[in-house]
Structure formats: C-alpha cells, structure tokens
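Hi,

Here is the structure I promised to send over. Have a look first, and my notes follow below.

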Amino acid sequence: MIAEAGTVFACAPQAEALGVHPGMTLSAAWVRIPQLRVRTRRPSDENTALEGIGAWMCRFTPRVSIEPTQGIVAEVEGSLRLFGGLPMLAARVRAGLRDLGFGAQLAAAPTASGACWLARSGAERLIEPGAGLDDALDEVPATLVCDTQDGRRLLQSLGLRTVGALRALPRAALARRFGPGLPDALDRAFGRAPELRRFFTPPARFSANLELPAEVTHAEGLLFAARRLLLQLEGLLVAQQAGVRRFELVLFHRRVPPCRIEVGLASPGRDTDRLLQLLRERLAASALVAPVHTIRLGAGAWVPFGGSATGLFRDARIDTEAAGQLIERLQARLGNEAVHGLGTREDHRPERAWRRLAPGQAPARGLPAPGPRPLWLLEPPRALREVAGAPHDPEHGALELLAGPERIEAGWWDGEDVTRDYFIARAPNAACLWIFRHPGGAWYLHGLFA
C-alpha cells in the first residue's frame, strides 16, 4: 500500500540509537557501550516483539507498518490534533514503550524512510508538518542507507560520510557504483518518489509470550511481567474499539506441565489497571507448583466497546459499573462458583426451587410460592426434638407455631417425592424459623427468615 506524505513516526531499536550499527565489529560495539550484553540473535523473537509493539501503536493510528528487525513506522499526521500536537504525542509513545519494557529512539519526518533514517542515526528529530527535511537527512551517516556490507566498505573508501555527500554525486555515477537501489532509496526518503508499504493488520486474537529474566517462585512476582503483556492487549483493544470478557495467563515451568489461570470480567473491559487487579486477586489465591520461566497472555472473542457519556450527577449506571467490578474482584478471589445470582425453578420442593445465575443474568419466572419463604435454607435440614408435643430446638429453645401448616407434596416424577407440612415458628429470642414435619413424624428446621 502507498504511505502518503505526512508526519511519520519511526521507532528504532535503542542499540542503533546509541551508535551500534549493522556491520560494526563486536569489539567496537563494546567500546561504545561497555555494558552491552551479547546474546544469540533470534529473528523470530524480534519479529514477535515488533508485532506486539505494532499492535499497541494502532491505538494512535491505523496506518502502522513494521520494519523487520529495525522498527515501527506510523503515519500520525491525522492524529496530531487529537493527541495535542507532535511533542505531546511523542511523549505518550515514549512513555508507553517504556512501560512495555522497550527502549527506542523516536523521530518524525514527512516521509517514512526519512523518519527511519533519522531514528536509526540517533537523531531525536521531530520535524513538524510543512518543515524542511533536506538539512536533517543530509546529516545522517551514509552507512545507514546502504544495504550491503560491500557498499558500506566502498562508502568508507571513497570518504562518503553523510547522505548529503551522496546527494552531491551525479545520479548515474551513484547508480553505477552502488546499484540503482541507493538512488531510489534517496528519492523515497526525500519525498521525490512514492513509498510502497504494507500496513500492519491487528490480529483477531491476542497471544504474547514473555521470557522472564530469572525464574519466579512466587505468584505475586509475576504481576510486573504480566503488566507488560496487559498493556499490549489494551493497545490492541483500543485499536479494535473492543473489550474482552475473559483472558488467560499461562505459566510455563521446566519439568511440570503449564498452569493456566483464567480471569473473567462481569462486563467487557480493556483497562490495564482493571485487568491487573483481577489477575492479582487470582494469583494471590494460587500457589506455584514450580518456578516459572515464561508467561503467555491470551485473549480473544472481542466484544464491541462503545464509549459512554458521563452525567453531571451520579446515576444508576455508575452504581452498576461499581457493582460489576466488585463482582469481578470477588470472583477472582473466591472463584466463579462462589459468586452467583439466584433464580427460581418450577419445583415446589424448597431445596430444588432455586438455581444459580451468572452475574448480570436476568432471572426467569418460576412457580409462585403460596406462602412466605426464607432466604436462608439449611442443607440438610436439622432435626428438632419434640417436648410436650411442641418442637424444641437445642440452639433456639422452645418454638411457638405462628402459621401453618402448608402442605408440600411433590417429586413423584423423579423418584425423590416428599410430603411435608411446613410451619412458621418463633423462638424465644424472636427469631422466625421455617420448620416442617412429615405427617405423624419428626420435626426439622429448614430455614431462617431475615
């Protein structure tokens, strides 16, 4: 696709920004950066990291392009007014990348190649729309714009140090010595030829791995690393204008199968702090079976996430959102099975007349109860004694019958039929109890009224 001329951001790896360039010997790199750590290069991991940054950058603009192993390019001219101008947008991008755990060099220019060259050269240049580009690009080292090792050696032998020196040469001589690719690259960088770039398409499902610098033995220690992945997820969801109802954290161990931790939300969400708080509750209730060396965050099934207007006064919507977040925290701490709503079922047996409801699920109408029912049922019912022909509870004392009997006879269809006579009774401490007896049989306490 063609990237139109405009203000283009480029994010280059921090190593290049500090003066370490392709073709440089390892000893020379150590001279420039004594604290440099050397590791085996894994291009697949580099591309995965760039794709994660690209998904996060889509929160600022949909026109994002990935420069393999080099950086990210984003056309942001249409977003400058929304984010308060180029300096403020650059500050937000820089702070966000730092939260993701990446160091980067930023640059902005009217062309994508020009922004990439400035960023890779270490020049923190933010060229405003309409400003000149030639002077800034002329100072870029010539070795950065040559693709081959032989070409870089030829540049050094000819004493061509900067892009400005390259531009001073005749185009035909430049193409003869370095091939036609170098003059064409100069034309694209200076805006004299269009650039063909393929825009990054955010994935339909989020999945990102993070290898920990050292094995973690406590669940709480995973939160810092998980926050980096949650920030990537938030950026992708903002770009998709969506939220999630559920996400999963997978913990990888050396000699033990991976452990999966699922976190559910009462309502669609994408805010990192909210997701992190729920994950903290789940991890606090979990014990690691073995040290963790890698984590993976996964989420899918995007839910459209529309914006909402806030009212001048507190309204019911705010209370509903607060209640929903409380339910989420309780579920994360106690488990999904421990937090649920109550609904009715078409059965007169009290222990079978209710069912669990998911939070937010509207209850369906069941059979109307012929009499009052307590909210607290004892399971199983507790046997009572009979003293002088009246029920007696060892905990509450002698009981006085206030109402009843109410005959409940049901369950013949499933083989668990019951025949009970229910009464409302009052204890000496004024507590109201719901008791029953089988016809001619013993008394039982089945419920307590509030």
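Let's start in β17, where alanine 425 is the bridge partner of leucine 401. That pair belongs to a set of 8 bridges joining β16 to β17, which run antiparallel. Before going further, note that this is a predicted model, in which local features need pLDDT of at least 70, side-chain atom pairs count only at pLDDT 80 or more, and totals for chains, interfaces and linings use all residues. Residues are numbered from 1 along each chain as its sequence is written, and side-chain values use heavy atoms, with hydrogens and water left out.

A word on terms: helices (H or I, at least four residues) and strands (E, at least two) are DSSP runs, numbered from the N terminus. Two strands count as paired if DSSP finds at least two bridges between them.

Back to β17 (residues 418-426). Because 7 of its 9 residues are buried, the strand is largely enclosed by the rest of the structure. Buried here means under 20% relative accessible area, with exposed over 50% and partly exposed in between (1.4 Å probe, protein chains only). β17 also pairs with strand β18 (residues 432-437), antiparallel again, over 6 bridges; aspartate 421 stands opposite arginine 437 in β18. The two strands make a hairpin with 5 residues between them, and alanine 430 in the turn has a positive phi of about 75°.

Zooming out, these strands sit in an open sheet of 5 strands, ordered β12-β19-β18-β17-β16, with antiparallel pairing. Its edge strands, β12 (376-383) and β16 (400-410), each pair on one side only. From one strand to the next the twist averages 25° (axes are lines fitted to C-alpha atoms, for helices over the stretch in contact, and angles run from 0 to 180 degrees between N-to-C directions). At the β12 end, 4 bridges join that strand to β19 (residues 443-448), antiparallel, and tryptophan 376 has leucine 448 in β19 as its bridge partner.

There is also an open sheet of 3 strands, in the order β13-β14-β15 and with antiparallel pairing. Here the edges are β13 (385-387) and β15 (397-398), each pairing on one side only. β14 (residues 390-393) meets β15 over 2 bridges in the antiparallel sense, with histidine 392 opposite alanine 398 in β15.

Next, β8 (residues 292-299): 7 of its 8 residues are buried, so this strand too is largely enclosed by the rest of the structure. Strand β5 (residues 206-216) is joined to β8 by 7 bridges, antiparallel, and β6 (residues 242-252) by 6 bridges, also antiparallel.

On the helical side, α5 (residues 112-121) is mostly covered, with 9 of its 10 residues buried; among them are Cys116, Trp117 and Arg120. Threonine 111 caps the N-terminal end of α5, with a side-chain oxygen 3.1 Å from the backbone nitrogen of glycine 114. Just after α5, glycine 122 takes a positive phi of about 90°.

One last thing to colour in your viewer: which residue lies in the loop between α2 (26-32) and α3 (43-57)? Valine 38 does.

Cheers

Key. A polar contact is a pair of N or O atoms within 3.5 Å; within protein, one must be able to donate a hydrogen and the other to accept it, and residues adjacent in sequence count only if both atoms are side-chain atoms.
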